[in-house]
Structures are given as C-alpha cells and as structure tokens.
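Subject: Structure for your files

Hello,

Here is the structure I said I would pass on. My notes on what I found in it follow below.

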Amino acid sequence: MAHPNIALVEGLRKAAAGLVNGNYYAWGHHGACNCGHLLQATTKLTKEEIVTYAHTGTGEWTELAQETCSVSDAPINLLLKKLQDLGLTPTDIHNLEYLEDRDVLNRLPGGFRWLRRNVREHVVLYFETMATMLEEKLLNDIEINYSALMSQEELIVSKESV
C-alpha cells in the first residue's frame with residue numbers, strides 16, 4: 001500500500017476535484033488518465049508535457065512502472081520518480097490506474113464493489129476513498145507523548161503559582 005503522506009492525500013483530493021470540475025479525462029491518454037491527473041495535481045506539468053514524457057517509454061502506466069530503471073535519465077523516469085516520491089510503488093501505480101487496490105475498494109461508501117478504470121465518477125470515488133484511507137492511517141500513526149505533555153502542563157501551573 002502507498003506510503004501515507006500529506007502530499008499524496010492532497011494530490012488525490014486535488015485530482016478528484018479537478019475531475020469533478022470537468023478537467024479533460026481520457027483513460028487512454030497518459031496525460032489525462034488516472035495517473036496523469038495525479039501528476040497534474042502534484043506537479044506543474046500539463047497533460048501535454050506528461051504525454052510527451054510518457055511517450056519516451058512504451059506501454060501503459062503499469063508497464064512503464066514495472067519496466068523502467070529508476071536510475072536512468074529517460075524522461076519517463078521523471079514521471080515515475082514523481083509518483084514514487086509521492087509514496088507510490090509500481091503496484092500502487094498499477095492499482096491507481098486500474099482502480100484495483102482491495103483495501104481502497106473495501107472502504108468504498110456502501111461497501112466493496114469493482115470500479116471501472118475509465119469512468120470519471122469511479123476515478124473520483126476511488127481517489128477520494130484512497131485519500132480518506134491514507135489520511136486515517138496518518139492520524140493513527142501519530143504518537144502523543146502524554147508524559148511530556150504533563151510535564152509541560154505542570155511547568156505552566158508551577159509558573160502561574162509564582
């Protein structure tokens with residue numbers, strides 16, 4: 001599963017909002033598909049720039065993510081690096097493009113169901129559900145040191161009584 005982080009959560013929400021607001025969507029277009037929209041939301045790249053870089057490799061996002069070398073200088077690696085910097089693995093990229101992560105699907109409002117990768121409303125639902133799931137994981141990972149809080153509170157009380 002993707003590494004939960006604020007940039008990824010915000011990117012998913014921004015991409016979903018763009019789709020809701022009518023941004024051009026075409027699953028077969030590297031710059032306007034699911035991963036393309038996430039890249040647009042998290043970088044300054046346009047769909048045209050994304051498709052230009054993506055066409056330096058061959059295949060769909062799934063194949064590109066599996067078959068390229070992260071240390072090469074090929075432009076497609078710029079896009080993949082940006083997705084990986086967001087906390088996504090090649091498996092996550094595949095799942096994002098095909099809307100197949102079972103953890104996300106299990107959390108859909110109304111329960112588990114399969115979504116269609118090329119239906120705008122399904123992409124929006126998947127992005128929003130994934131963002132909520134990652135946000136919950138982030139919140140659950142916050143550790144509060146209550147003893148440190150108590151010590152600070154005791155300091156405040158003791159300073160006030162002086």
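Helix H2 (residues 34–42) is mostly covered, with seven of its nine residues buried. Buried here means under 20% relative accessible area, exposed means over 50%, and partly exposed is in between (1.4 Å probe, protein chains only). Helices (H or I, at least four residues) and strands (E, at least two) are DSSP runs, numbered from the N terminus. The buried residues of H2 are Asn-34, Cys-35, Gly-36, His-37, Leu-38, Leu-39 and Ala-41.

Before the rest, a note on the source: this is a predicted model, in which local features need pLDDT of at least 70 and side-chain atom pairs count only at pLDDT 80 or more, while totals for chains, interfaces and linings use all residues. Residues are numbered from 1 along each chain as its sequence is written, and side-chain values use heavy atoms, with hydrogens and water left out.

H2 packs against H6 at an angle of about 110 degrees, and their axes are 7 Å apart. The axes are lines fitted to C-alpha atoms, for helices over the stretch in contact, and the angles run from 0 to 180 degrees between N-to-C directions. H2 and H6 are therefore roughly perpendicular to each other; angles under 35 degrees count as roughly parallel, over 145 as roughly antiparallel, 65 to 115 as roughly perpendicular and the rest as oblique. On the H2 side, Asn-34, Cys-35 and Leu-38 meet Ile-93, Leu-96 and Glu-97 in H6, where contact means heavy atoms within 4.5 Å.

The three H2 residues in this packing, Asn-34, Cys-35 and Leu-38, are among the buried residues of H2. The buried residues of H6 are Asp-92, Ile-93, Asn-95, Leu-96, Glu-97 and Tyr-98.

**After H6**

H6 is followed by Leu-99, which sits in the loop between helix H6 (90–98) and helix H7 (102–106). Leu-99 is not a glycine, yet has a positive phi of about 55 degrees. Leu-99 is also buried, with a relative accessible area of 0%.

**Overall make-up**

The protein has nine helices and zero strands. Of its 162 residues, 40% count as buried. Among contacts with a separation of 6 or more, 57% are between residues 24 or more positions apart. Val-20 belongs to helix H1 (residues 6–20) and is exposed, at 55% relative accessible area.

**Surface**

The accessible surface of the protein comes to about 9,200 Å², and 53% of it belongs to carbon and sulfur atoms. Accessible areas come from the Shrake-Rupley method with a 1.4 Å probe; for residues, only the protein chains shown count as cover.

Leu-139, Ile-142 and Ile-144 make a nonpolar surface patch of about 310 Å². Patches are made of residues with over 30% relative accessible area and no salt bridge, joining like charges within 9 Å and nonpolar side chains (Val, Leu, Ile, Met, Phe, Trp, Tyr) within 5 Å. Ile-142 lies in the loop between helix H8 (120–140) and helix H9 (146–160), and counts as exposed at 53% relative accessibility.

**Salt bridges**

How many salt bridges does a search of the whole structure find? The search finds four, a salt bridge being a side-chain nitrogen of Lys or Arg within 4 Å of a carboxyl oxygen of Asp or Glu. Notes on some of them:

- Glu-136 and Arg-107 meet through their side chains at 2.7 Å, N to O. Glu-136 lies in helix H8 and Arg-107 in the loop between H7 and H8, so the pair ties together parts that are 29 residues apart in sequence. Glu-136 is partly exposed at 37%, as is Arg-107 at 41%.
- Asp-85 and Lys-81 form a salt bridge at 2.8 Å, N to O. Both lie in helix H5 (residues 75–85), four residues apart, about one turn of the helix. Asp-85 is exposed at 54%, whereas Lys-81 is partly exposed at 43%.
- Lys-47 pairs with Glu-48, with the closest N and O atoms 3.1 Å apart. Lys-47 is partly exposed at 24%, and Glu-48 is partly exposed at 44%.

Regards
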